[in-house]
Amino acid sequence: MFCHHCGSQIEDKAFVCIHCGVRVPSAQDPIERAIFPVEGHSWLVAVLLCVFVGPLGIHRFYVGKIATGILLLLTGGGFAVIWIIDLIRILLGGFTDKDCRPLVR
Ligand SMILES: [Zn+2]
């Protein structure tokens, strides 16, 4: 692996470049993973939230879609229409989180 800042060769597991001190973005980095989870959001959790509390938009809050979550909350799942569409999209795998990443099964 090479440092993106100085171009020096560094250990594959390095968190910080030993040549220039710049932090190396890495999937192995626990801090990086905590902030930007590689795995994404759980498909199963989204299904369960959508089935049981879907009209409250909780599944949308879960994947980070706060604005549309509030919309569903205020309209009873978009008068149940958006709720049903969301449920179908989640089951068929077309539902993504706020960063457009697919849910992880
Ligand atoms: Zn470097």
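A residue counts as buried under 20% relative accessible area, as exposed over 50%, and as partly exposed in between, using a 1.4 Å probe and protein chains only. Pro25 is therefore exposed, with a relative accessible area of 51%. This is a predicted model: local features need pLDDT of at least 70, side-chain atom pairs count only at pLDDT 80 or more, and totals for chains, interfaces and linings use all residues. Residues are numbered from 1 along each chain as its sequence is written, and side-chain values use heavy atoms, with hydrogens and water left out.

**Pro25**
- Pro25 sits in the segment before α1 (30-35). Helices are DSSP runs (H or I, at least four residues), numbered from the N terminus.
- Pro25 and His4 are 21 residues apart in sequence. In space they are 9.0 Å apart, C-alpha to C-alpha.

**Helix α2**
- Helix α2 covers residues 43-53. Trp43, Ala46, Val47 and Cys50 are buried there.
- Seen down the axis of α2, the buried residues fall within an arc of 100°, so they line one face of the helix. The arc is that of the directions from the helix axis to the C-beta atoms.
- Leu44 and Phe52 are exposed on the other side of α2.
- The cover over the buried residues of α2 includes α3 and α5.
- Ser42 caps the N-terminal end of α2. One of its side-chain oxygens lies 3.2 Å from the backbone nitrogen of Leu44.

**His59**
- His59 belongs to helix α3 (residues 58-62). His59 is buried, with a relative accessible area of 0%.
- Leaving aside residues up to four places away in sequence, His59 touches Ala46, Leu49, Cys50, Gly54, Leu72, Asp86, Ile90 and Phe95. Contact means heavy atoms within 4.5 Å.
- The side chains of His59 and Asp86 are joined by a polar contact of 2.9 Å. A polar contact is a pair of N or O atoms within 3.5 Å; within protein, one must be able to donate a hydrogen and the other to accept it, and residues adjacent in sequence count only if both atoms are side-chain atoms.

**Helices α4 and α5**
- Helix α4 (residues 66-79) packs against helix α5 (residues 81-92) at an angle of about 70°, with axes 3 Å apart.
- α4 and α5 are therefore roughly perpendicular to each other, a term for angles of 65 to 115 degrees.
- Leu72, Gly77, Gly78 and Phe79 of α4 meet Val81, Ile82, Trp83 and Asp86 of α5.
- These contact residues divide into five nonpolar, two polar and one charged.

Notes
Axes fitted to C-alpha atoms, helices over the stretch in contact; angles between N-to-C directions. Helix = DSSP H or I, 4+ residues; strand = E, 2+ residues; numbered from the N terminus. Parallel < 35°, antiparallel > 145°, perpendicular 65-115°, else oblique. Nonpolar A, V, L, I, M, F, W, Y, C, P; charged D, E, K, R; others polar.
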